[in-house]
Amino acid sequence: MANSTESHTSSLISLQEALDKLLAAPAAITGTETVALTDAAGRITAAPVISPINVPPFDNSAMDGYGLRLADWDGKTALPVAGRALAGVPFKGELPAGYCVRIMTGAPVPTGVDTVVMQEETVVSDEGITFTADIIRGQNIRLTGEDITQGSEVFPAGTKLAAAQLPMIASLGLAEVTVMHKLKVAVFSTGDELQAVGQPLGEGQIYDTNRFAVSLMLEKLGCDVIDLGVIPDDPSVLRGIFEKADALADLVISSGGVSVGEADYTKQILDEIGKINFWKLAIKPGKPFAFGKLDNAWFCGLPGNPVSTTVTFYELVQPLIARLSGFSQWQPPMRIKAIAATPLKKSAGRLDFQRGIAQVNERGQLEVKTTGDQGSHIFSSFSLANCFIVLERERGAVKAGEIVDIEFFNHLMKND
Ligand code: AMP
Ligand code: MG
């Protein structure tokens, strides 16, 4: 039995092998532009971001309290207050010997002050200020350049800009940032059975799901989507659309028509106009997958079943798009361990991307259960899930209680 599974699946290529081939040739599509910081969310840096200033730009107080020259404090004699230093309103001049200064959080530390004591550790009297706690020289002072030094690299090229990065660039005073051009991606679905949404279904027709799935994920990846609609299974129409897509886009993504047999003319057309490999992947769902180069653009042909389309997009097209769009800091989905809370059906031979619902149980452990039927046409398995349960190629059925790998869905699949 094991042998027959082995021979049946030995012509399949592993996900890793496919990824290696997919990422071997393509380089980032060059072309950069400078955009306002307010328009830069989701864009990818085209050059390192270098800080023009020190952050903080000057030594400043970390507390509301009093600044002093520590050598002036004898442990008992009150120091009179020479003046005030506020955030944005510095104390003018140098601190006179034997005095202290009222200082607020964010205020520049006056020349001569080497230490700040928070006001909770002070006593105010007519003579001035005395200090009630042990004092360490330099305490409560944020030093110039402590966060970022002038001229240092804040982000490398290939960083995607979001709420964790953009405020940092704003803190450097930079109003603009140089980013990669958005990747232009042409998308179409193939199949005589496909009907566009909003139209009544004719006999034998189904609605086109894949263009939605692919376009939505492309938008989340920051691509410019060129929607070329539904294309019938007609060689001359298909050829025309491949040529059009190739002229318009950096990357062309089709779905359907790449499974063996039925796809003969897709393959024939692609052989004429490009260098495309048709792979049988050892993953489930998502066996058929085509990848290569048209005259101008790169091309991915995804399998037709919507779950397969989505899984292959997520696992293979996502890293390709990161590469082509210059997102060199992209990280592959992280796999972590969880306890299977339900049995999982599986036969050896392919790497499974089952859809699962992961949660922390009452003992604080991460556990995952199946969404149910894992058929590649069952899209509800996606709408219920928050993760993939990734089951190794040679693994068989999983019993409840076994440890499995999961990948939490990233922003492609979610809105939070
Ligand atoms: P194919 O790869 O063209 O043989 O398609 C495999 C299965 O996926 C068939 O059941 C198709 O009807 C279905 N399918 C193909 N494209 C789509 C699509 N865009 N939306 C929904 N189902 C599709
Ligand atoms: Mg088809």
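Two strands count as paired if DSSP finds at least two bridges between them, and strands themselves are DSSP runs of E with at least two residues, while helices are runs of H or I with at least four, all numbered from the N terminus. With that in hand, look at β20 and β21: 4 bridges join them, and they run antiparallel. One of these links pairs A290 with G301 in β21. The two strands form a hairpin with 3 residues between them.

A word on the model before we go on. It is a predicted one, where local features need pLDDT of at least 70 and side-chain atom pairs count only at pLDDT 80 or more, while totals for chains, interfaces and linings use all residues. Residues are numbered from 1 along each chain as its sequence is written, chains are lettered from A and ligands numbered from 1 in the order in which they are written, and side-chain values use heavy atoms, leaving out hydrogens and water.

Now follow β20 to its other partner. β18 and β20 pair in the antiparallel sense over 7 bridges, and G274 has L294 of β20 as its bridge partner. Strand β20 (residues 288-294) is mostly covered, with 6 of its 7 residues buried (under 20% relative accessible area; exposed is over 50%, partly exposed in between, with a 1.4 Å probe and protein chains only).

Step back, and these strands belong to an open sheet of 6, in the order β16-β13-β17-β21-β20-β18, with mixed pairing. Why do β16 (224-231) and β18 (274-280) each have one side without a neighbour in the sheet? They stand at the edges, each with a single partner strand, so nothing in the sheet lies on that side. Elsewhere in the sheet, β13 (residues 184-190) and β17 (residues 251-255) run parallel and are joined by 5 bridges. There, S189 has S255 in β17 as its bridge partner.

Helix α4 (residues 210-220) packs on this sheet, touching β13, β16, β17 and β21 (298-302); contact here means heavy atoms within 4.5 Å. Its direction makes about 165° with that of β13, where axes are lines fitted to C-alpha atoms, for helices over the stretch in contact, and angles run from 0 to 180 degrees between N-to-C directions. Which residues of α4 are buried? They are N210, R211, A213, V214, S215, M217 and L218. These buried residues pack against β13, β16, β17, β21 and also α7 (306-324). After α4 comes G222, whose phi is positive, near 80°.
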